[in-house]
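Please examine the sequence and the structure below. The paragraphs that follow proceed from one part of the chain to another and then turn to the whole.

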Amino acid sequence: MKSGIINRMCMFWLVLVVLFVSCILEVNATSILLDKNHYDPSDVVQIAVNPDYAKERYGLEVISEGFVYRYLDLIQDQIRFMPKSTGRYEVILIDRQDNLVVERVFFDVVDGSEEPDSNEQAIVEETRENVDILVKDSSNRFLRMRANVLNKGRSTRGTLSGGGKEVHDVELLPENEAVESILFRDLDISKNLEIGLEVVGGWERYTVIEKNLKKMYAIDPTELDFSEALVTSVAEGRELIKCKEWIFNEQRCYGEWEKIMDIIPGEEYSFILNTDDPGFGESDPPSPHNIIGRVFHPDGVTGVENGIPVLINNTNNSNSVLTYVYAPPVPEYKGSYSATINGSDNDSIIVVAWNITHYGRNTSLLDPTTTEINIVLNNTRPSEANVSIIVPVNDTLINTSSSFNVSANISIIGGRDGINCNATINFFDSMIFNISSEENLTKTLGDISLGDSIMVIWNITAIGVGSSNISVAAECVNQTTNLAGVNIDYVYNISNEDTSPPVINIVTPNNGSVVARNITFLYDIEDHSEIANCSLIVNYTMRANNTQVDKNLTQNFTLFLDFGDYEFYINCTDNSTRANTGSSETRYLTVSNKDLTLNSSDILFSNQNPVENERIMINATIRNIGSENVTRNFTVQFFEGDPSSGVQIMSNITINGLNESEYRTVGVNWTAKSGTHNIYVVADAPLPTNGTVREVNESNNQANNTIFIPSYQTYFGNISASVLLDNTLNRSVYMWFNETEITGNIYVVDSDSVLTWTNLTALGINISGNNATSDFEEIDVGLNLTDYVDSINATYSENGYAKDKDNFVIYGVNIMDVPIVNSTNSSSFVTGILWDSSDSNEGEYNGTQDLVFVTTITNNEFGQYGYYDYEIKVPANLRRYIKPNNDNSITLYSELE
């Protein structure tokens with residue numbers, strides 16, 4: 001059957017001859033030119049093609065009564081075509097790259113019987129067969145339709161190919177209003193044929209910006225196997241648009257609509273359809289339309305003054321135009337306005353005009369020419385909020401994590417007071433700015449009188465890096481419309497950036513430190529952003545860099561430096577958009593390994609147990625324990641007490657340098673004084689300025705050692721006597737010669753004392769014979785022993801009462817309850833204390849009366865210092881007790897029995 005069809009096709013001679021002539025065609029001329037519009041069947045049709053289109057991307061077709069003649073060679077400037085029969089022919093030039101029909105022209109063949117030349121076959125005839133295609137809509141409802149299979153003459157594209165595929169060009173003629181036809185190229189008809197095709201109903205609900213839709217349809221060819229298809233439809237709009245992200249089953253566009261081509265209402269148009277092409281729409285693009293009218297006062301007769309605002313709104317595409325009344329000074333034109341708005345014929349138009357207290361509204365449909373709409377201001381204006389953001393202003397830069405205020409002035413305009421008003425702040429990006437935790441987005445303002453205003457303030461926190469716009473909108477419950485449209489205000493491009501450099505705090509080393517050669521630099525960083533890097537600058541040279549920095553932890557550099565003096569600081573740069581760089585303070589350090597030192601064991605006394613007024617030598621050994629020689633002279637000082645408040649002993653001592661591991665001993669003379677004494681030695685004085693030697697450790701240049709000098713002096717010895725007592729006649733009454741078995745007492749007093757021996761009384765006893773508990777404290781005051789650890793009070797008493805007592809026979813009188821202590825470390829000898837009650841007193845001892853220290857003579861007893869007859873413990877200050885101190889000494893008395 002195929003060969004028969006081909007033979008019949010060969011009966012018609014089609015001649016397409018390339019004429020190699022110089023064809024004179026303008027570049028901007030019509031794409032296709034015919035030598036005439038009517039031909040006889042025997043005529044050769046001369047088809048001239050604009051040279052601009054003679055390219056590989058273009059194709060040429062001639063169509064007549066369902067037959068398609070395709071030119072298979074490259075398009076040339078001129079082509080010859082011989083029609084096969086009478087009828088109407090259409091010549092189409094197609095841009096195959098952009099799937100566009102570039103141009104189409106028509107010619108008629110009216111009569112004739114001449115057949116075509118059998119040798120010219122560049123265009124071949126195609127005949128039809130039928131095939132069934134299932135057409136479904138988005139609800140999966142199917143309709144079986146017949147389609148024409150176009151068999152190609154000697155074209156190999158029409159043959160049965162391998163792999164079980166049979167491909168043909170197939171023409172579908174749908175029986176609906178969506179498209180006229182769909183011509184599929186190389187459609188595999190060996191499969192089940194199914195295509196989605198539907199006129200989209202209710203297309204008015206689809207939002208296509210500034211598009212006035214006239215028709216919508218969708219094609220889903222994904223179940224078919226073809227190379228491309230040519231869709232032909234009759235235009236109702238002026239633009240063909242499509243949505244690539246159209247979902248056929250949902251009949252919904254998830255993307256943007258884009259224009260394909262311009263079309264002419266009532267005429268056919270064609271476009272190339274691919275396997276994944278989307279939904280289509282025909283629209284009338286908005287075009288400028290004139291609107292005129294007059295605005296009248298409430299009487300409907302008198303036109304309003306110039307300057308009255310007029311707002312024109314196209315409800316079909318949301319276009320709006322604000323204009324103003326502007327009329328010449330002629331009564332019949334007063335209140336006139338005019339404007340141009342983009343729209344389509346019959347769009348719904350609303351026009352509103354207003355003055356300070358009243359407004360009017362009118363509606364109309366947009367006429368193709370000029371639309372006239374008049375307005376009467378016969379309605380009282382409602383309350384309208386007027387919002388003005390005072391701060392911040394546009395393009396304000398906020399530092400990261402800072403707080404700032406948004407202040408807005410809210411006033412009431414219109415014709416009424418504002419009732420129950422509020423204001424709301426909004427952030428276009430709430431991840432950049434937001435209100436502080438104690439704030440609310442909406443603030444209640446209460447009632448606001450017409451013409452009055454209220455300032456509203458929000459505290460805002462910057463929480464992210466970037467830019468955002470901020471708006472403030474206000475409304476009242478009686479705000480039924482916003483004629484002026486000033487109830488919301490905006491500030492733009494409020495940016496939050498880190499503008500502060502990092503703050504670097506050096507932890508160690510301290511300024512002026514002396515350190516060893518291997519140095520660790522510790523530092524902390526404070527910044528809003530993370531830290532990109534930090535550098536250590538030593539003597540103006542970067543010596544270390546760190547790109548892994550955690551600002552929440554103490555960071556460090558470790559550096560080995562030669563001996564010498566250095567200055568250093570640390571730079572850090574954050575990773576903010578501004579790459580802020582901050583620097584620490586500049587500090588100074590000395591790298592040294594000199595170390596002068598001494599400790600308490602290096603301070604020695606020539607006599608560890610001296611008595612008061614004994615002159616002793618204090619020696620100190622100074623060492624250099626560092627690994628670097630000390631070449632400079634330095635000073636050594638000795639102090640009685642802490643150097644900050646004590647008394648220096650003798651003058652400064654200078655040591656002329658000290659090599660590593662070397663030591664030097666120096667000393668001073670010191671006169672012992674009663675009590676406990678801390679002797680301090682300072683190497684490399686003065687300490688507050690670290691002396692003259694820069695050491696690795698300045699904290700070990702001072703030491704002290706303690707020496708204790710008792711408050712008492714001990715007197716001991718033997719008693720032997722040769723005593724002759726005579727009467728007035730020089731006659732011996734008593735005689736002792738070399739007597740060793742002697743009894744009696746030994747007494748010690750201040751040499752300035754004048755005693756009445758018969759009036760001696762025990763310390764701690766008043767003249768009435770009762771206890772006097774304050775005597776022990778008062779004797780310490782008199783002897784200047786109050787702060788001594790071995791004072792009279794601490795040694796002899798407890799809570800004002802004598803720790804121990806004894807009786808002494810003095811001048812034949814037994815004195816009882818005399819407070820005593822052991823004179824040294826033996827109970828063989830004790831010392832007691834008495835006071836002279838014949839001195840001026842108020843009944844008891846008060847620290848001024850004569851004192852007597854007493855011990856009993858005991859023959860050949862063992863004491864601290866050996867065997868002897870007496871041992872008595874006497875305060876060293878006793879010699880200075882009686883004032884005036886004419887004789888700075890003590891006197892010993894003995895009473896022998």
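In which order do the strands of the open sheet of three strands lie? The order is S1-S3-S6, and the pairing is antiparallel. At the edges are strand S1 (32-34) and strand S6 (78-81), each of which pairs on one side only. Neighbouring strands of this sheet are turned by 25° against each other on average, direction ignored; such angles run from 0 to 180 degrees between N-to-C directions, with axes as lines fitted to C-alpha atoms, for helices over the stretch in contact. Three bridges link S1 to strand S3 (residues 45-49) in the antiparallel sense, and Leu34 stands opposite Ile47 in S3. Two strands are said to pair if DSSP finds at least two bridges between them. Strands, and helices likewise, are DSSP runs numbered from the N terminus (strands E, at least two residues; helices H or I, at least four).

This is a predicted model, in which local features need pLDDT of at least 70, side-chain atom pairs count only at pLDDT 80 or more, and totals for chains, interfaces and linings use all residues. Residues are numbered from 1 along each chain as its sequence is written, and side-chain values use heavy atoms, with hydrogens and water left out. The mean pLDDT (the predictor's confidence in each residue, from 0 to 100) is 84 for the protein, and 88% of its residues reach 70 or more. Over residues 113-128, however, the pLDDT is below 50, although this stretch has 71 contacts in the model beyond near neighbours in sequence. A contact means heavy atoms within 4.5 Å. Residues 152-163 also stay under 50 in pLDDT, and the model gives them 24 contacts beyond four places in sequence.

Strand S35 (residues 418-427) and strand S39 (residues 466-475) run antiparallel and are joined by six bridges, with Ala474 in S39 as the bridge partner of Ala423.

Strand S38 (residues 453-462) pairs in the antiparallel sense with strand S34 (residues 403-414) over nine bridges. Here Ile454 in S38 is the bridge partner of Ile410. S38 also pairs with strand S36 (residues 433-435), again antiparallel, over three bridges, and Phe433 stands opposite Ala462 in S38.

Strand S53 (residues 630-640) contains Thr635. Is this residue, Thr635, buried or exposed? Thr635 is buried, with a relative accessible area of 18%; buried means under 20%, exposed over 50%, and partly exposed in between (1.4 Å probe, protein chains only). Not counting residues up to four places away in sequence, Thr635 touches Asn652, Ile653, Val682, Ala683, Asp684 and Ala685.

In helix H2 (residues 775-783), the buried residues include Asp775, Phe776, Ile779, Asp780 and Leu783. These residues lie on the same side of H2 because they cover an arc of only 140° around the axis, taken from the directions from the helix axis to the C-beta atoms. Just after H2, Asn784 takes a positive phi of about 60°.

For the protein as a whole, the secondary structure comes to three helices and 73 strands. Of its 897 residues, 47% count as buried.
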